[in-house]
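Me: I would like to go through a structure with you. Please take a look at it first.

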Amino acid sequence: MPIFRPQRKRDPDAPRLGATPTSISRRALHSILASAASAYPNEFGGVLRADPPGVIGELLLLPGTTAGRSHANFRLYMLPADLTVVGTVHSHPSGALHPSDADLRLFRNWGRRHVIVGAPYGPGSWRAYDGNGRETRLAVVGPEPESSVRSPEYRPRSVHRPDRPLPLADDQE
Ligand code: ZN
């Protein structure tokens, strides 16, 4: 199937628009886990955007997506025609991290990377899958979101926040 790729100046080694993502931002992962935890005991679902290409950095909640005790009902026909949308994410309140038969049908139907998160929605309570339902690796990149910093010594620096965020001293990446 031909895919339209707009030509524009870019780093020739950078991932192309529509490329298979190889990483997810720590911020997006935290947002996914927090959304899944707040939906519990119901299921939560959304779609994943990779922008810049190659890095899943945003969670989109689809209008009309219903979350219930059964599987999240993805209404993929409501997706924007947007090559930055690369796959789906949904939660398993049971805690299972493997795809169900219905998940495999969804994965094979559309998308390059799919994430399943499971209760208790901790930092490791997720797995990534390819379009065939095979487990795959997504590197977690970028700084820790401020809201997830749990150190009792932590004090927000928002009182005198500079216009641009300062690099965090403990950022590993
Ligand atoms: Zn599922």
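Reply: Ile32 has its place in helix α1; helices (H or I, at least four residues) and strands (E, at least two) are DSSP runs, numbered from the N terminus. This is a predicted model, in which local features need pLDDT of at least 70 and side-chain atom pairs count only at pLDDT 80 or more, while totals for chains, interfaces and linings use all residues. Residues are numbered from 1 along each chain as its sequence is written.

Me: Is Ile32 buried or exposed?

Reply: Ile32 counts as buried because it has 23 C-beta neighbours inside 10 Å. A residue is buried if 20 or more other C-beta atoms lie within 10 Å of its own, exposed if 12 or fewer, and partly exposed in between, with C-beta atoms placed from the backbone.

Me: Which residues is Ile32 in contact with, leaving aside neighbours within four places in sequence?

Reply: They are Leu59, Val89, Val115 and Val117; contact requires C-beta atoms, placed from the backbone, within 7 Å.

Me: Changing topic, in what order do the elements run?

Reply: From the N terminus, the order is β-α-β-β-β-α-β-β-β-β, which comes to two helices and eight strands.

Conventions. Two residues are in contact if their C-beta atoms, placed from the backbone, lie within 7 Å.
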